[in-house]
Amino acid sequence: TTTPLEHDLEVTGPVRVVLYAATNVRDTDFTAKLVDVYPSGYAMNVAQGIQRARYRDSWTNPTLLEPGKIYQYSLDLWSTSNCFLKGHAIRVEISSSNFPQFDRNPNTGNPFGQDSDLIKAKQTIYHNREYPSHIMLPVIP
């Protein structure tokens, strides 16, 4: 979450999160939200997206993960238009679930809807020079 903004900031257009992460399972989800935080503390979702790990490279050729390996994910938060007002803050929320907005992932790597097993995933998000996780905001001057 940023510090309160000193000036209004308009964000209009496509929003994307680039995330570097590792997990201990063969498949999982990563979700992201762009949030407008009011001075009162009220948090309003502005944009959101998800990346199911098995489809990170292709929708037609899904591939499972190697546990512990760092992968790059690109999360499309679609397009938005929001003016973050002076005194508001900008928040980016990263999670492994956004249920019920998106279907849950059992993290097993098995075909969806064909098993009842659930595995708790341990996620590690990287944010450094080598793995610069970030959000791309279309700021309008």
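**Note on strand pairing and salt bridges**

1. Strand β2, residues 29–37, pairs with β5 in the antiparallel sense, over seven bridges. Pairing here requires that DSSP finds at least two bridges between two strands. Strands are DSSP runs (E, at least two residues), numbered from the N terminus.

2. This is a predicted model: local features need pLDDT of at least 70, side-chain atom pairs count only at pLDDT 80 or more, and totals for chains, interfaces and linings use all residues. Residues are numbered from 1 along each chain as its sequence is written, and side-chain values use heavy atoms, with hydrogens and water left out.

3. The β2–β5 pair belongs to an open sheet of three strands, in the order β3-β2-β5, with antiparallel pairing. The edges are β3 (43–52) and β5 (89–95), each of which pairs on one side only. From one strand to the next, the twist averages 15°. Angles run from 0 to 180 degrees between N-to-C directions, with axes as lines fitted to C-alpha atoms.

4. Which residue is the bridge partner of K33? The partner is E93. E93 also meets R91 in a side-chain salt bridge, at 3.9 Å, N to O. A salt bridge here means a side-chain nitrogen of Lys or Arg within 4 Å of a carboxyl oxygen of Asp or Glu. R91 is partly exposed at 24% relative accessibility. E93 is partly exposed too, at 31%. On these terms, buried is under 20% relative accessible area, exposed is over 50%, and partly exposed is in between (1.4 Å probe, protein chains only).

5. How many salt bridges does the rule give? The count comes to five. Side chains of opposite charge can pair when their charged atoms come close.

6. R52 lies in strand β3 and D29 in strand β2, so the pair ties together parts that are 23 residues apart in sequence. Are these residues buried or exposed? R52 is buried, with a relative accessible area of 15%. D29 is buried as well, at 2%.

7. R16 and D76 also meet in a salt bridge, at 3.9 Å, N to O. R16 sits in strand β1 (residues 9–23) and D76 in strand β4 (residues 71–84), so this contact ties together parts 60 residues apart in sequence. R16 is partly exposed, with a relative accessible area of 30%. D76 counts as partly exposed, at 30% relative accessibility.

Conventions: Helices (H or I, at least four residues) and strands (E, at least two) are DSSP runs, numbered from the N terminus.
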